[in-house]
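Thanks for coming, everyone. I'll walk through one structure today, with the picture up as we go.

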Amino acid sequence: MNTIECSGLTHYYGRRQIYKDLSFVVPEGHILGLLGKNGTGKTTTINLLNGFLKPHAGQVRIFGEDVRAMRNETRRRIGLLLEGHVQYQFMTIEQLERFYAPFYPDWKREAYYELLRKLKVDPSQRISRMSNGQRSQVALGIIMAQNPDLLILDDFSLGLDPGYRRLFVDYLREYACAEKKTMFLTSHIIQDMERLIDDCIIMDYGRILTHRKLSELMRTVRCCSFAAPAGYELPENPDFYHPERKDNRIEFYTFLPPQQVQDVLKSLGASFSDFVAASPQNLEDIFIGLTGKY
Amino acid sequence: MIKSIFFKEWIKTRRCYAVVCLAMFGFVGYCMLNVNRVAEIKGAPHLWEVMILKDAVFFDIFKYVPTFLGILFGLMQFVPEMQNRCLKLTLHLPYSNHRMLAVMQLFGLTLLAACFALSVLMIVLVYARIFVSEMVAAAVLTALPWFMAGLEAYLLTAFVCLESTWRLRLAYLAMSLLMLRIFLFDASAQAYVYALPWLAVCIAMTFTLPYVSVARFKDGCQD
């Protein structure tokens, strides 16, 4: 069963098209990471999922319900982490817990305080006087206490130091695995995503570049390079992503197997020698290889 | 859940509410002490004469105070909702968005109305010792539109604050100033006696305006 179903999403800001006819699903129990460069529509997608944006066309359904007309019972099953770990700045740790608890019948008070005990901050401390890292733990604690079936996390690494990032990711991973939760998340820190996600969507301007399992992505994508004479430019091909000249070699990323790449190169009449196809080291390499540096 | 929403609103506004009450009671108290002092020095007949012949109510000094306090209270309640788009947290809660906004506004209206009602009570108690009931009623009817302007100002502040684009916020601000002008147009005593029900209707209608701002926020109309 799918927890999130997006179908035919089209959105514009003014005349600028963000994407057209975007469709994807997130099955129950999967952790999906949305990757994309700035301006490719990550925040737009998060806003559409949260119901804080009306698409020009298309529909978002979560737990089978249209997010724009969702019942309170369904909304209760969704935990939301806003970019920057936003919480009510004017409240203290204790007040936040007191405020949220009545909205959630299955509220887990101990989950909230257990996480916050690690912070060694006074429960009467106001959120506005906390560091980014401490605020992230408060926001995470609120979500844990809600015990939602779906977590939507927008840029969860923003402003966190490596320690807090690791703490955040480990907590989420443990929580999601133990309780079979579904997660949809974005982050600019791809190493964090890699530790956390099962599935991955990489967005390019106006479209989904790829949507597949992380393990499959790591297995399939190849960084190919070959020696080429000076001045030679690789003809454009939709299967070769962002060819780049490095000294006397041309490098590009592709989903094709090495033999097929060589066949395509031959069919393009490319003059090449010393062909090498290597598996990228990590998700960040794949992301930059497929979307380009610029 | 209503208790919980009231709790959040109270945390945001409790200090501001203390300031609102102190300022309101301070102004009204000052006016009442002044009236009392003049009554003791020159005698009540002198005050009667001035009030009847010169159409005076002796507390014009606080005509605009409820309006300013309404705006201040509205700012303290609704600006934090728009900081870092906190309103998303509020609207994501498993509670009807319409009811949520209604509870938030009713919270503010109740507190302000309580403060204003106590102020009116202060006027009534002091004036009843000096003037006849018709004159007390005249004084209260003169002050009522000013207090109603305070409630209207509060709702209009919510309307402007919850709007998420500056272009429309400025347009709403201009519209709000014109609407407030209706409440404070004439300073003469009892000028609004027959208009009071219409002012009440105006307040009731203004209660619905912040829904427009929230609907636009949910549609993603943001700067």
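**Salt bridges, sheets and the contact**

Let's begin with charge pairs. Over all chains, the count comes to 19 salt bridges. Keep in mind that this is a predicted model.

Take one of those pairs in chain A. Arg109(A) forms a salt bridge with Glu97(A), and the closest N and O atoms are 3.5 Å apart. This pair links distant parts of the chain, twelve residues apart. Arg109(A) sits in helix 4 of chain A, residues 109–117. Glu97(A) sits in helix 3 of chain A, residues 93–100.

Now the sheets of chain A.

Six strands form an open sheet, and the order is 6-7-8-3-9-10. Pairing in that sheet is mixed. Which strands are at the edges? They are strand 6, residues 78–81, and strand 10, residues 207–213, and each pairs on one side only. From one strand to the next, the twist averages 15°.

Look inside that sheet. Strand 3, residues 31–36, and strand 8, residues 182–186, run parallel in chain A and are joined by four bridges. Within that pairing, Ile31(A) has Met183(A) of strand 8 as its bridge partner.

Two helices to point out here. Helix 1 of chain A, residues 42–50, packs on the sheet. That helix touches strand 3, strand 6, strand 7, strand 8 and strand 9 of chain A. Its direction makes about 145° with that of strand 8 of chain A. Helix 5 of chain A, residues 132–146, also packs on the sheet. Helix 5 touches strand 6 and strand 7 of chain A. The direction of helix 5 makes about 180° with that of strand 6 of chain A.

Next, strands 9 and 10. In chain A, strand 9 and strand 10 pair in the antiparallel sense over six bridges. Ile201(A) stands opposite His211(A) of strand 10. Strand 9 and strand 10 of chain A form a hairpin, with two residues between them. In the turn, Gly206(A) has a positive phi of about 85°.

On to the four-stranded sheet. This one is open too, has the order 2-1-4-5 in chain A, and pairs antiparallel. Why is one side of strand 2 and of strand 5 left without a neighbour in the sheet? Strand 2, residues 16–27, and strand 5, residues 65–66, stand at the edges of chain A's sheet with a single partner strand each, so one side of each has no neighbour there.

Start with strand 1 of chain A, residues 2–13. Strand 1 pairs with strand 2 of chain A in the antiparallel sense, over eight bridges. Asn2(A) stands opposite Pro27(A) of strand 2. The hairpin of strand 1 and strand 2 of chain A has two residues between the strands, and Gly14(A) takes a positive phi near 65°.

At the other end of the order, strand 4 of chain A, residues 57–62, runs antiparallel to strand 5 of chain A, joined by two bridges. Ile62(A) has Glu65(A) of strand 5 as its bridge partner.

Now chain B. How many helices and strands does chain B have? Nine helices and zero strands. Along its principal axes, the C-alpha trace of chain B spans about 65 × 30 × 25 Å.

So where do the chains meet? The contact takes 30 residues from chain B and 27 residues from chain A. The area buried between chain B and chain A is about 2,700 Å², and carbon and sulfur atoms give 65% of that. On the side of chain B, Leu89(B), His92(B) and Pro94(B) lose the most area to chain A, together 26% of what that side buries.

Polar terms next. Between chain B and chain A there are twelve residue pairs in polar contact. Elements giving two or more residues to the side of chain B that touches chain A include helix 3 (65–82), helix 4 (87–92) and helix 5 (97–130) of chain B. Helix 1 of chain B gives the most to that side, with eight residues. The residues on that side divide into 13 nonpolar, eight polar and nine charged.

How many salt bridges does the rule find across the interface of chain B and chain A? One. Arg68(A) and Asp219(B) meet there through their side chains, at 2.4 Å, N to O.

That's the tour. Questions, please.

Definitions and conventions:
Residues numbered from 1 in each chain as written. Chains lettered and ligands numbered in written order. Predicted model: local features only at pLDDT ≥ 70, side-chain atom pairs only at ≥ 80, totals over all residues. Heavy atoms only, no water. Contact = heavy atoms within 4.5 Å. Buried area = accessible area lost by both parts, 1.4 Å probe. Salt bridge = Lys/Arg side-chain N within 4 Å of Asp/Glu carboxyl O. Polar contact = N/O pair within 3.5 Å; in protein donor to acceptor, adjacent residues only side chain to side chain. Nonpolar A, V, L, I, M, F, W, Y, C, P; charged D, E, K, R; others polar. Pairing = 2+ DSSP bridges. Axes fitted to C-alpha atoms, helices over the stretch in contact; angles between N-to-C directions.
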